[in-house]
Amino acid sequence: MADAATKISLIHDDLASARRTMATEIDGLTALSKSLDQKFVDAINTIQTMKDKGRGRLIVAGIGKSGHIARKISATLASTATPSYYIHPGEASHGDLGMITEDDVIIMLSYSGTNAELTDMTLYAKRFHIPLIAMTGNPDSPLAQHADIALILPKIPEACPNGLAPTTSTTMMVALGDAIAIALLERTGLTAEQFRVWHPGGKLGAKLRKVSDLMVSGTDLPLVSPETTMDHAIITLSEKNLGSVIVVDSSQTLIGIVTDGDLKRHMSADLLSRKVSDIMSAHPRTIPASLLAAEALDIMLTSAKSPITSLIVADDDQKVVGLIRIQELLKAGIA
C-alpha cells in the first residue's frame, strides 16, 4: 500500500511540476506579447529592406542554449521565404566572419547579453555597417548597447526552481523568432504553393502538392464518346484500368462518367449493345487542376452521398484535363 501511495504522490508531484513550468512560461509569453513595440516593427522593416534588395541573408547567431534557439529560428525563417542561416559566434572568430556580407542583417541571441564570444561578431557588424538586431533580456548589456535595434525580453523567472536552467527565457526567444518569421511571411503574402517550394519532401510537402502533380492525364485517360457502345467502353475501362470511363464530346467537353457502379446498376442481357449515353451518370463533379491534393482527398471522403474514389479534373470550360484517384493520393502520402 505504501508503494502505491508513493507512486500516486509522485504522479501528483510530476503533474504539478509540469503545470507550474507551463504556467511560468505562459506568463513569459504574455509579458513578451505586451512588451512588443515600435522596435519590433523596426526590426521587421530592417529585414524586409534587405529582402527587397534581393541580396543578403538574415544571419542568426547565439551561444549555448541561445545558440540552439538561434538555429531553430534561422530554419523557420529560411522555410518561410526569408533567406537565413546560422553562424556560431565562436566559429565566426576563426574565419566564418567571412561568410557575412555588407548586404546581410544579423540577429544575435543572448539572454544576458554579456557573452564574450559575441564580441568579435558585434565589432564586425559595427565596422562594416551591418544592421545588428539583439534579442536579449538585459537592456544594459554590451549586446543591447551596441545593437542597432534591441528587442528586450521581459524579466520573468525561469521555470527551473533554481532559476538556472534556461526555460522561460528560451521559450520567449522561440516565440519572438516565430513572430518575426510570420510577420515577414505575411508581408510577403506567401501562398501555400510558394511555401511548397521550401518543403518539397516529407508529409508537409505531400500535403502541399496539387492535383495537377498527381492526376492521370493525356493518352492515359479513359475517354469515350456518348455514341460508343458499351462493349467498346468496357474494353477501354479494362485497358486503362482506372475504374471508370469519362464521356466527352469531340472537343473533350465533359458529358458524363461510367463507373463500375453504373455497370452493376444497368446489368442486363443487352448491356453490351447499349450506348454509353444510356448508362452514364451525367454531370459528374469536377475539380480544377490547381486544387491542393489534400483538398481533393477531403472531397472524396466527405462526398454527400458516400465516399468516392476518383474525381474528374476539368478546366473552366469543363474540358477534361485529368482524373485523380484516391490510390494516387494515398501513395503520395496525402492521407
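How many aromatic pairs does the count come to? The count comes to one aromatic pair, and its rings belong to Tyr124 and Phe128. Keep in mind that this is a predicted model.

**The aromatic pair**
- Two things describe a pair of aromatic rings: the distance of the centres and the angle of the planes.
- For Tyr124 and Phe128, the ring centres sit 4.8 Å apart and the planes are at 50°, so the pair is tilted; edge-to-face would need an angle over 60 degrees.
- Tyr124 is buried, at a relative accessible area of 18%, while Phe128 comes out as partly exposed at 24%.

**Helix α2**
- The 16 residues of α2 (residues 38-53) should span 22 Å at 1.5 Å a residue, and the end C-alpha atoms are 23 Å apart, which agrees.
- At the start of α2, Asp37 uses a side-chain oxygen to reach within 3.0 Å of the backbone nitrogen of Lys39.
- Buried in α2 are Phe40, Ala43, Ile44, Ile47, Gln48, Met50 and Lys51. They cover an arc of only 155° around the axis, which puts them on the same side of α2.

**Helix α7**
- α7 has 21 residues and runs 30 Å from its first C-alpha to its last, close to the 30 Å expected at 1.5 Å a residue.
- Its buried residues include Met172, Met173, Leu176, Ile180, Leu184 and Leu185, and also Thr168, Ser169 and Thr170.
- Gly189 follows α7, and its phi is positive too, near 70°.

**Strand β7**
- β7 (residues 244-248) is mostly covered, with five of its five residues buried.
- In a regular strand, side chains alternate between the two faces of the sheet.
- In β7 both faces are covered: Ser244, Ile246 and Val248 are buried on one side, Val245 and Val247 on the other.
- β7 runs parallel to strand β6 (residues 223-224), and two bridges join them.
- Across from Val247 in β7 stands Val224.

Notes. Residues numbered from 1 in each chain as written. Predicted model: local features only at pLDDT ≥ 70, side-chain atom pairs only at ≥ 80, totals over all residues. Heavy atoms only, no water. Helix = DSSP H or I, 4+ residues; strand = E, 2+ residues; numbered from the N terminus. Expected span 1.5 Å × (residues − 1). Buried < 20%, exposed > 50% of the residue type's maximum accessible area, 1.4 Å probe, protein only. Arc of directions from axis to C-beta. Polar contact = N/O pair within 3.5 Å; in protein donor to acceptor, adjacent residues only side chain to side chain. Phe/Tyr/Trp six-rings, centres within 6.5 Å; stacked < 30°, edge-to-face > 60°. Pairing = 2+ DSSP bridges.
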